[in-house]
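Here are my notes on the model, point by point. Please read them beside the structure.

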Amino acid sequence: SYAEVEITVHFNVDATKLQETLNDDTLTNFHRITWNFPCTAESAGQDGQNNQMEENKSLVRKFASSCMVPGMLKQGGEIHVAHKT
């Protein structure tokens, strides 16, 4: 079960501003931070790919920077990004 391995799931978190959107008491040096990368949306409702490449790169950079805030990851902690294809 999840309780046996101490998994914590947070919802409604701005992945580009983890410290701002997580409560101070939840900044507990995570072993792993996983993000389901959303891609920026195109006006037609499709996932942005080539046309929004720079915006998507910016999202990933902001997420990675947000993970590097002191106290966010344990030493040797991991960042995982899932991307649908």
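1. F63 is buried, at a relative accessible area of 2%. Buried stands for under 20% relative accessible area, exposed for over 50%, and partly exposed for what lies in between (1.4 Å probe, protein chains only). W35 is also buried, at 11% relative accessibility.

2. On provenance: this is a predicted model, where local features need pLDDT of at least 70, side-chain atom pairs count only at pLDDT 80 or more, and totals for chains, interfaces and linings use all residues. Residues are numbered from 1 along each chain as its sequence is written, and side-chain values use heavy atoms, with hydrogens and water left out.

3. How many aromatic pairs are there? The count is one aromatic pair. The ring centres of W35 and F63 are 4.5 Å apart and the planes are at 35°, so the pair is tilted. The rule takes rings of Phe, Tyr and Trp (its six-membered ring) with centres within 6.5 Å; planes under 30 degrees apart are stacked, over 60 edge-to-face, and the rest tilted. W35 sits in strand β1 (residues 30-36) and F63 in helix α3 (residues 53-67), so the pair ties together parts 28 residues apart in sequence.

4. Overall layout: the protein chain has three helices and two strands. From the N terminus, the order is α-α-β-α-β. Helices (H or I, at least four residues) and strands (E, at least two) are DSSP runs, numbered from the N terminus. Of the 85 residues in the protein chain, 24% are buried.

5. T16 belongs to the loop between α1 (2-5) and α2 (18-21). Leaving out residues up to four places away in sequence, T16 touches L59, K62, F63 and S66. Contact here means heavy atoms within 4.5 Å. Among contacts in the protein chain between residues at least 6 apart in sequence, 57% join residues at least 24 apart.

6. N12 deserves a look. N12 is not a glycine, yet has a positive phi of about 55°. Most residues other than glycine have a negative phi. N12 is in the loop between α1 and α2 and is exposed, at 80% relative accessibility. V9 lies in the loop between α1 and α2 and is exposed at 54%.

7. N29 is in the loop between α2 and β1. N29 is partly exposed, at 32% relative accessibility. The C-alpha atoms of N29 and K74 are separated by 4.5 Å, although the two residues are 45 apart along the chain. Besides K74, N29 touches G71, M72 and L73, not counting residues up to four places away in sequence.

8. How many salt bridges are there? The count is two salt bridges, each a side-chain nitrogen of Lys or Arg within 4 Å of a carboxyl oxygen of Asp or Glu. E78 pairs with R32, with the closest N and O atoms 3.2 Å apart. E78 is in strand β2 (residues 73-82) and R32 in strand β1, so this pair ties together parts 46 residues apart in sequence. E78 is partly exposed, at 33%, whereas R32 is exposed, at 53%.

9. E54 forms a salt bridge with K57, the closest N and O atoms again 3.2 Å apart. E54 and K57 are three residues apart in helix α3, so about one helical turn separates them. E54 is exposed, with a relative accessible area of 51%; K57 is partly exposed, at 38%.
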